[in-house]
Amino acid sequence: AEYMGTGFEYDVVDVTKPEMVQDKAKSLGFVDVLINNAGVNNCNAPVQECSTEQIDKTFQVNTLAHFWTIKSFLPFMKDHCSGHIVCIASSTGLMGLPDLAAYCSSKHAVVGLMQSLRFELEHSKLAKFIKLTTVCPFLVSTQMFHDAIGTGLSKIIPALNPDFVARRVVQSVECEEDFLVLPWIFNLMVIIWGMIPVTSQWRIHRAMAVDVMIT
């Protein structure tokens, strides 16, 4: 494959299988940038209506896979005192949504993972050599949330173009940004959201038809 004149190799690995991820890391060795981007959303329903299999799959792909890739590639970065880890979380990792508990909580976990990892690198004096970037985008115009585009909150804030998100991720690596929220207005929304009582949050959800957007 070719991208902007630069050739690259690709392979398919089941990131939910730690042994497979570890084997691939051993065969590749040190990588400059690790981007954790795999994600699924297979249960748009109340918690009690989500099957055990659906919840397990969501966390296997959205959360645990991040652990497996980081555990596999981080040792090489430590040996080289160099590297950059990018984890794609979500704006739903900053605020919960109804009927999307599995997805939201799996993305919250990624945000927490990166925060903890950052402190671990600081403690081991490696933070200035190994950089971390957590990305929390709003709805991206991909097949995963195709049915949600143009409904609910996305009527007010348009779905993000995948190419735009990709470019911003690359820029965040080049600029060594710690945290990237897209679009930028969500930074303000998260701060304001934390000041609003829970009962009022629910009224806002209903008024913006957020539950319609995700079903």
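Keep in mind that the model is predicted.

Let's start with the core. The largest nonpolar core holds 36 residues. Which of them touch the most other members? They are I70, L74, M77, I85, L117 and L121. Several elements give two or more residues to this core: helix 2, strand 4 (83-88), helix 3 (101-123), strand 5 (130-137), helix 4 (162-174) and strand 6 (179-182). Helix 3 gives the largest share, six residues. As background, nonpolar side chains in soluble globular proteins tend to be buried together.

Take I85 from that list. Leave out its neighbours within four places in sequence. I85 then contacts L34, N36, I70, L74, M77, M114, L117, K131, L132 and T133. Look at I70, L74, M77 and L117 in that set of contacts. Those four also stand, with I85, among the residues that touch the most other core members.

N36 sits in strand 3, residues 33-36. Is N36 buried or exposed? Its relative accessible area is 6%, under the 20% cut-off, so N36 counts as buried. What does its side chain pair with? The side chain of N36 makes a polar contact of 2.5 Å with the side chain of T69. Not counting residues up to four places away in sequence, N36 touches H66, T69, I70, I85, V86, C87 and I88.

T58 lies in helix 2, residues 52-80. With a relative accessible area of 2%, T58 is buried. Which side chain does the side chain of T58 meet in a polar contact? That of N42, at 2.9 Å. Setting aside neighbours within four places in sequence, T58 is in contact with V40, N42, T63, A102, Y103 and S106.

Next, empty space. A probe the size of a water molecule, rolled over the atoms, shows where such space is left. The second largest pocket has a volume of about 190 Å³. What lines the second largest pocket? F67, I70, K71, L74, K78, L113, S116, L117, E120, L121 and S124 do. Helix 2 and helix 3 are the elements that give two or more residues to this lining. By type, the lining divides into six nonpolar, two polar and three charged residues.

Where is the cis peptide bond? It joins L182 and P183, with omega about -10°. P183 is in the loop between strand 6 and helix 5 (185-193).

Then D99. Its phi is near 60°, a positive value in a residue other than glycine. D99 lies in the loop between strand 4 and helix 3. At 25% relative accessibility, D99 counts as partly exposed.

Finally K125. Phi of K125 is near 65°, again positive in a residue other than glycine. K125 lies in the loop between helix 3 and strand 5. Is K125 buried or exposed? Its relative accessibility is 65%, over the 50% cut-off, so K125 counts as exposed.

Technical notes
Residues are numbered from 1 along each chain as its sequence is written. This is a predicted model: local features need pLDDT of at least 70, side-chain atom pairs count only at pLDDT 80 or more; totals for chains, interfaces and linings use all residues. Side-chain values use heavy atoms; hydrogens and water are left out. Helices (H or I, at least four residues) and strands (E, at least two) are DSSP runs, numbered from the N terminus. Buried means under 20% relative accessible area, exposed over 50%, partly exposed in between (1.4 Å probe, protein chains only). A polar contact is a pair of N or O atoms within 3.5 Å; within protein, one must be able to donate a hydrogen and the other to accept it, and residues adjacent in sequence count only if both atoms are side-chain atoms. Contact means heavy atoms within 4.5 Å. A nonpolar core is a set of buried Ala, Val, Leu, Ile, Met, Phe, Trp, Tyr and Cys residues joined through side-chain atoms within 4.5 Å. On a 1 Å grid over the protein atoms alone, a cavity is a set of points where a 1.4 Å probe fits but cannot get out, and a pocket is an open set with protein on both sides within 12 Å along at least five of seven lines; lining residues have an atom within 4 Å of a point. Grid points are joined across faces, edges and corners, and a volume is the space filled by probe spheres set on the points. Ala, Val, Leu, Ile, Met, Phe, Trp, Tyr, Cys and Pro count as nonpolar, Asp, Glu, Lys and Arg as charged, and the others, Gly among them, as polar.
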